Amino acid sequence: MKVLNFLLRMVFGAIGIQIINAILISQNISVFVGLNVLTLLTVGSLGISGLGLLYGIAAFGIL
């Protein structure tokens, strides 16, 4: 059950990243989060807060 929950958060997180990237690009905002193993693991383990964390890191340019 936990594995299914993790996988669903990963899938919906990936969809969310694509949608948010498209919205930000259409508004000429240069904050972009790519899809890779680490971003999917972050979203899968933390959920919506992980998504916010990824965009916060990208906006502040920490990494």
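Welcome! Leaving aside neighbours within four places in sequence, Val31 is in contact (heavy atoms within 4.5 Å) with Asn21, Leu24, Tyr55, Ala58 and Ala59. This is a predicted model, where local features need pLDDT of at least 70, side-chain atom pairs count only at pLDDT 80 or more, and totals for chains, interfaces and linings use all residues. Residues are numbered from 1 along each chain as its sequence is written, and side-chain values use heavy atoms, with hydrogens and water left out.

**The core**

- Val31 also belongs to the largest nonpolar core, together with Ile17, Leu24, Val33, Val43, Leu51, Leu54 and Tyr55.
- Such a core is a set of buried Ala, Val, Leu, Ile, Met, Phe, Trp, Tyr and Cys residues joined through side-chain atoms within 4.5 Å.
- Helix H1 (2–26) and helix H3 (48–60) each give two or more residues to this core, and H3 provides the largest share, with 3 residues.
- Helices here are DSSP runs (H or I, at least four residues), numbered from the N terminus.

**Gly50**

- Gly50 sits in helix H3 and is buried, at 0% relative accessible area.
- Buried means under 20% relative accessible area, exposed over 50%, and partly exposed in between (1.4 Å probe, protein chains only).
- Not counting residues up to four places away in sequence, Gly50 touches Thr42 and Val43.
- From Gly50 to Leu40 the C-alpha distance is 9.4 Å, with the two 10 residues apart in sequence.

**Ile15**

- You will find Ile15 in helix H1.
- Ile15 is partly exposed, since its relative accessible area is 42%.
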